[in-house]
Amino acid sequence: MKKLILLLLIFISGKISAQTFPVTTILYNGPSSNHFDLVFLADGFTSAEQTNFITQVNTITTTIFSTSPYNSYKNLFNVYAIQVNSSTSGIMHQVTATD
């Protein structure tokens, strides 16, 4: 029975695939092995609003790295924007959200 369950799990795991989303590199200073990766996720941005999302990430990145002490450490960071399309625009309050 244990072997059957193990085989079933192996079969099922081979059929599962991860979703992939476009990733925009905002700032790259080197490999992740020796840099901090700062990642922004486009939650609350529809497919039509992805350009606005990238613009906002650029603005936030510029603001962060023009402020002390982060301006001294900018070369230690990579910044990425993951463009996940939301079905609705904006944020939802956790009490009123349907999910």
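## A buried serine

S86 counts as buried, because its relative accessibility is 16% and the cut-off for buried is under 20%. The model described here is predicted.

S86 lies in the segment after β3, a strand that spans 77-82. Its side chain reaches the backbone nitrogen of G44 at 2.7 Å. Leaving aside residues up to four places away in sequence, S86 touches A42, D43, G44, F45 and T46.

## The sheet

Three strands make up an open sheet. Their order is β1-β3-β2, and the pairing is mixed. The edge strands are β1 (23-27) and β2, each of which pairs on one side only. On average, neighbouring strands of this sheet are turned by 25 degrees against each other, direction ignored.

Strands of a sheet pair through backbone hydrogen bonds, in either a parallel or an antiparallel way.

## How β2 meets β3

Strand β2 covers residues 36-41 and pairs with β3 in the parallel sense. Six bridges join these two strands. The chain gets from β2 to β3 by way of helix α2, residues 50-64. This β-α-β crossover is right-handed.

Two residue pairs show how the strands line up. L38 stands opposite V79 in β3. V39 has Y80 of β3 as its bridge partner. In a regular strand, side chains alternate between the two faces of the sheet.

Definitions and conventions. Residues are numbered from 1 along each chain as its sequence is written. This is a predicted model: local features need pLDDT of at least 70, side-chain atom pairs count only at pLDDT 80 or more; totals for chains, interfaces and linings use all residues. Side-chain values use heavy atoms; hydrogens and water are left out. Helices (H or I, at least four residues) and strands (E, at least two) are DSSP runs, numbered from the N terminus. Buried means under 20% relative accessible area, exposed over 50%, partly exposed in between (1.4 Å probe, protein chains only). A polar contact is a pair of N or O atoms within 3.5 Å; within protein, one must be able to donate a hydrogen and the other to accept it, and residues adjacent in sequence count only if both atoms are side-chain atoms. Contact means heavy atoms within 4.5 Å. Two strands pair if DSSP finds at least two bridges between them. A crossover is right-handed if, with the strands pointing away from the viewer, the path from the first strand over the helix to the second runs clockwise. Axes are lines fitted to C-alpha atoms, for helices over the stretch in contact, and angles run from 0 to 180 degrees between N-to-C directions.
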